[in-house]
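Here is a short tour of a fold, meant to be read with the model open beside you. Please take a look at the sheet before reading on.

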Amino acid sequence: MVTYDSILVCVTRQKACERLIKAAAKLKKKDGELYVIHVTKENWNFVDNSRDGEAMEYLFSLTKSYGADLTILNSDKIPETIAQFAEHYGVDLIVLGQSPDGSKGSFQSRLESLLSNTDTKIIVIPNTGEI
């Protein structure tokens, strides 16, 4: 299995994103870096929503258990924000979750386009969590 020096995991505010963090940890070199990011829309506020807040708290704890930090950014340009983060930190691999219907969505296509001139790879983890 290929391993990477620097991996960025893109999560939503769902506990099911645990599978993405676990998969990324398996792909990370022993001394590599693991970043976890959640980009919210500008007007989203999880403090007022206990279910979302609980899920983010869980993901924060899980992220810490893998020696990573959870970064939460606000932006209406989610793919662009993730691409900028990846370029800034020299990320080798971005881990995404599969869309509910299994298709390649516009988010993934846009992110691939933004990173087309870089060496950053994108891997999509199926809903089963298997790599």
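Predicted model: local features only at pLDDT ≥ 70, side-chain atom pairs only at ≥ 80, totals over all residues.

Residues are numbered from 1 along each chain as its sequence is written, and side-chain values use heavy atoms, with hydrogens and water left out.

**The sheet**

Let us begin with the strands. Helices (H or I, at least four residues) and strands (E, at least two) are DSSP runs, numbered from the N terminus. Five strands form an open sheet with parallel pairing, in the order S3-S2-S1-S4-S5; two strands pair if DSSP finds at least two bridges between them. Its edge strands are S3 (69-74) and S5 (121-125), each pairing on one side only. On average, neighbouring strands are turned by 25 degrees against each other, direction ignored. Axes here are lines fitted to C-alpha atoms, for helices over the stretch in contact, and angles run from 0 to 180 degrees between N-to-C directions.

| Helix | Strands touched | Angle of directions |
|---|---|---|
| H3 (residues 78-88) | S1, S2, S3 and S4 | about 150 degrees with S2 |
| H4 (residues 106-114) | S4 and S5 | about 170 degrees with S4 |

**Strand S1**

S1 (residues 4-10) is largely enclosed by the rest of the structure, because 6 of its 7 residues are buried, that is, under 20% relative accessible area with a 1.4 Å probe, protein chains only. S1 pairs in the parallel sense with S2 (residues 28-40) over 6 bridges and with S4 (residues 93-97) over 3 bridges. Leu8 has Tyr35 as its bridge partner in S2 and Ile94 in S4. Together with H1 (residues 18-27), S1 and S2 make a right-handed β-α-β unit: with the strands pointing away from the viewer, the path from the first strand over the helix to the second runs clockwise.

**The cores**

A nonpolar core is a set of buried Ala, Val, Leu, Ile, Met, Phe, Trp, Tyr and Cys residues joined through side-chain atoms within 4.5 Å. The largest has 20 residues, of which Ile7, Val9, Val11, Ile21, Val36 and Val95 touch the most other members. S1, H1, S2, H2 (50-65) and S4 each supply at least two residues of this core, and H1 gives the largest share, 5 residues. Apart from this core lies another, of 15 residues, among them Leu8, Cys10, Ile78 and Ile94.

Notes. Buried < 20%, exposed > 50% of the residue type's maximum accessible area, 1.4 Å probe, protein only. Contact = heavy atoms within 4.5 Å.
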